[in-house]
Amino acid sequence: MPPSPPGDAPPSGDTWIELSLRLPAADAEIVADVLATLAPGGASVDAPFRNVEPERFGLELTGDEATVRAFFLAPLATAERRAVRRRLTALPLGVPLPRLRYSEVDESDWAEEWKRFYHPMRVGRLLVQPSWEEAGDAGPEDLVVTLDPGRAFGTGQHETTRLCLAALDRLVRPGDAVLDVGTGSGILALAAARLGAARVDALDTDPVAVAATRENAARNGLDNHIRVAGGSLGAAWPWEREARGAYDRVVMNIALVVVTELLPDAADALRPGGALVASGFLADAVPEVEAAVRAAGLGAVSSEFDGEWGVVTARA
């Protein structure tokens, strides 16, 4: 998935200790990998990226330096900090290990900070807005989706999400059955329900996303229309009934390698005349996705673009 809000949030909790260090980009990944095994809150790399590797959601680290961050539960004793430094010093880095900086981070501070970047957005008939703002600009014809993504992907600000929202606005008809694979915050599932879908099934392998989607469905009064579960297509299908031929629309906004892997099952899940919406990949990868869509037996294949990103739609 593309990143959600700016920055990386520690898991739920009160106070965390953020460890940060700046070092050559060539050393950043190995340091982050080790810190990810030591820090309960995980680790991240902050550095310039460019979109060149669709399999990794189009991101490749560039530039000379990067900042690595990791989150530890507070308090972090001096002995534990020394142990972290010993572990990192033992790594085969290109330069001596730089100074490790520690600071306290309140999760609520992070949550409030990223909200500055998230504002109401219109896509077709849909108005996607933060749950903490009033719908002052909503008109009588607007289909309002109120969203608090939490730590799940999907605010609507990313190009792939906008592309999927626009496709759903065109394709979803009242009474449709819709499947959202890799639902993230649930934004696409919510949009489908607002557009008139009678039933929406939302899947994600991330428990954080499953929880966020359930909360957002309840927030919008759509929990009776949206069924949410951990899982995916194929062997990871969570419900007893078969997915084959059960849906009028299937939407997937996930990384290229996952899209292509799931395409045969997604095509099987469509009713005759049903439509697939697939995004989460760079524009350069669109011909590959179109070929995979046709190989899965779908037709009427078309594509659209938003900046460097693309969406492919097709019919069963």
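Hi everyone. Let me start with a term: a residue counts as buried when its relative accessible area is under 20%. Keep that cut-off in mind, because W237, at 16% relative accessibility, falls on the buried side. One more thing before we look around: this is a predicted model.

So, let's begin with the aromatic residues. How many aromatic pairs does a search of the whole structure find? The search turns up two. Put together, the ring pairs link W237, W239 and Y247 into a cluster.

Next, please find helix α6, residues 207–219, and look for N216 in it. Is N216 buried or exposed? Its relative accessibility is 0%, so N216 counts as buried. And what does its side chain meet? A polar atom of the N216 side chain lies 3.0 Å from the backbone oxygen of S185. The N216 side chain also makes a polar contact, at 2.5 Å, with the side chain of R219.

Now over to a pair of helices. Two packed helices are described by an angle between their axes and by the distance between those axes. Here, α1 (residues 25–38) packs with α2 (residues 78–89) at about 145°, the axes being 10 Å apart. The crossing of α1 past α2 is right-handed. On the α1 side, the contact is made by V31, V34, L35, T37 and L38, and on the α2 side by V84, R87 and L88. Sorted by class, that contact has six nonpolar residues, one polar and one charged.

Last stop: A198, in the loop between α5 (187–194) and β11 (199–204). With 45% relative accessibility, A198 counts as partly exposed. Which residues does A198 touch, leaving aside its neighbours within four places in sequence? They are G175, D176 and H225. A198 and P174 are 24 residues apart in sequence, yet their C-alpha atoms are 6.8 Å apart in space.

Terms used. Residues numbered from 1 in each chain as written. Predicted model: local features only at pLDDT ≥ 70, side-chain atom pairs only at ≥ 80, totals over all residues. Heavy atoms only, no water. Helix = DSSP H or I, 4+ residues; strand = E, 2+ residues; numbered from the N terminus. Buried < 20%, exposed > 50% of the residue type's maximum accessible area, 1.4 Å probe, protein only. Contact = heavy atoms within 4.5 Å. Axes fitted to C-alpha atoms, helices over the stretch in contact; angles between N-to-C directions. Left-handed = near helix turned anticlockwise from the far one by under 90°. Nonpolar A, V, L, I, M, F, W, Y, C, P; charged D, E, K, R; others polar. Polar contact = N/O pair within 3.5 Å; in protein donor to acceptor, adjacent residues only side chain to side chain. Phe/Tyr/Trp six-rings, centres within 6.5 Å; stacked < 30°, edge-to-face > 60°.
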